[in-house]
Amino acid sequence: MSAVTTPARQASGGVNVKIINRIVIYGLLALFALFYLMPLFVMLVTSFKTMDEIQNGNMLAPPRVPTFDPWVKAWGETCVGLTCAGIKGYFWNSIKMVVPAVLISTMLGALNGYVLTKWRFRGATLVFGLMLFACFIPFQSVLLPMATILGSLGRFGVTLQNSVGTSFGLGNPTVNLVFVHVVYGIGFTTLFFRNYYEAFPTELVKAAQVDGASFFQIFRRIMLPNSMPIFVVTVIYQFTNIWNDFLFASAYAGTGDAMPMTVALNNVVNTSTGVVEYNVNMAAAMIAALPTLLIYVLAGRYFVRGLMAGAVKG
Amino acid sequence: MSTVATSQIKLTPERHRASVRSRLQDALPKIVLAPSFAITIVFVYGFILWTIYLSFTNSKTFPSYVITGSRAYQRLWGWTFDTDPPSSWYTSITNMGIFGFLYIAICLALGLFLAILLDQKIRGEGVLRPIYLYPMALSFIVTGVAWKWFLDPGLGLEQTLHQWGWTSFHFDWIKNKDFVIYTVVIAGVWQASGFIMAMFLAGLRGIDGEIMKAAQIDGATTFQLYRRIVIPLLRPIFLSAFIVLAHLAIKSYDLVVALTSGGPGGSAWLPSNFMYEYTFKRNEMAVGSASAVIMLMTIVAIIVPYLYSELREKPR
């Protein structure tokens, strides 16, 4: 039955071959499950061990006396660069960046998808193609101009601050990152909604038009109530991507108090002063992983669907 | 579908009254789409042109806007043949070749293999699938912490096996400048292969069971069945998976940073790391931009024909 074992004829093989085949298949599957689980397992057990146990024990052994101290220290005390106040501030930085970025890019994607499928115009495919290609570009090719623009906006923000009293968020690294993630995220969100609305019956839209419903009325009353599944997919996809981003984060908020979680974690791990506290590092990594891991556990199905939509388009 | 949608707009009675209001109504969809499109044009395509422009200047720490010719490209070209000692650029593109090839090949092979195994009416598939796939949900900055530890000769696998009695075991790739890129491959495959598995599994589930049955009745062995019938049917999935993996490979950046911090003497660099280091740390902005342009062109060569055929095939 399997492709791995020798192609034994079923007739001559009989029951024994079948059983051996099953054992081989399950064995291989279990082996690979261990391969995929191993890093997470090592992280988890190590984060509950004392340094003493780490230095003298086996990395795969469960903690003898589980301790929460590494988690407490990672959250509130560990050093990120020169400040030693834990990673909690950076965790909130990431939240403050992710939530608006996800909401804005998702809403824009929904509107774009609606226009591109239900209000098609000449050149709609070209417009979509151009937005779609933006999903694939290596961000290195826009990194520097964006840094220049954000720098200028920041200086303008300081001028405003001095003259008007408020910078309107210009120059704030979190605002910058929200902007960057919206700009480079709408390609994906548009793709998701466009593919979803493509299959949505146009007759309904047509009927509503005949009844005199406006562009936004149709969107609000007909499209939105039927878009729950794709909203879930898009939000999960965007949340994961933006939370996990490292390139933009390190380029535009790589130092200072506004660092997102990923950059802070990288700093914690690579701080080379004194003894390396592996347990604290692992706990910090676990904390950084928790939001996306939680989403994955709760709604993994939708996450996979999102990835697939990004891969197999139409 | 496009013709349907446009004709229905024209049918609406408001169209005949060419008042400002109704004209505005007609233009509304385009007005709604315009900001996103404008953002894309400016911040993607405009910025790409800007980067290309910078690559032809002699920008160092700060951008300079005086065109000075293709010096940056000439330097990259020269470095391509600087093999003794290898230039950072030579290392980066060689690593890209090794990493790209192995990463794509192993992910495809492993993904297909696991998908076929999982497709054998496995009990517990619902448990195994998410286990194979979860790495894709985590940042490599996170899991890199664990991988780094696991691959460290003094702490991880080597140490563990020594404790278990296999004292001659030696595994220090992560500290070895000639082998460090292979640790990046291991970690990269770990992260993406589960997702490729999911793609193949979806493909396998989409194959008509009748074809399989007919082949079995004709006396095809399981191996022949997969070799001759199933795998050829999965061709579109191979293409999609290749596209996904190729662009992930070229974009890989945090993988190298988190796992190796660049490796001994920058020996684990990929072009993405080269670009970042030269632009932001070594104050060679023009060279950094030129390397970014080369990365982009590689992506264009892979993605544009694919997107073109995808959007062409089904004119809706």
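Leaving aside neighbours within four places in sequence, with which residues is L265(A) in contact? In this predicted model, local features need pLDDT of at least 70 and side-chain atom pairs count only at pLDDT 80 or more, whereas totals for chains, interfaces and linings use all residues. Residues are numbered from 1 along each chain as its sequence is written, and chains are lettered from A in the order in which they are written.

With those neighbours excluded, L265(A) is in contact (C-beta atoms, placed from the backbone, within 7 Å) with I87(A), A284(A), A285(A) and A288(A), and with I141(B) and V142(B) of chain B. L265(A), I87(A), A284(A) and A285(A) are also the residues with the most contacts inside the largest nonpolar core, a set of 181 residues. Such a core comprises buried Ala, Val, Leu, Ile, Met, Phe, Trp, Tyr and Cys residues joined through C-beta atoms within 7 Å; a residue is buried if 20 or more other C-beta atoms lie within 10 Å of its own. At least three residues of this core come from each of domain 1 (1–55) and domain 2 (74–313) of chain B.

These domain bounds come from an automatic or database domain assignment. The C-alpha centres of the two domains of chain B lie 38 Å apart, and their contact takes 5 residues from domain 1 and 7 residues from domain 2.

Between the chains, 91 residues of chain B are in contact with 80 residues of chain A. The side of chain B that touches chain A receives the most from helix α2 (residues 20–55) of chain B, which gives 17 residues; helices are DSSP runs (H or I, at least four residues), numbered from the N terminus.

Notes. Two residues are in contact if their C-beta atoms, placed from the backbone, lie within 7 Å. Helices (H or I, at least four residues) and strands (E, at least two) are DSSP runs, numbered from the N terminus. A residue is buried if 20 or more other C-beta atoms lie within 10 Å of its own, exposed if 12 or fewer, and partly exposed in between; C-beta atoms are placed from the backbone.
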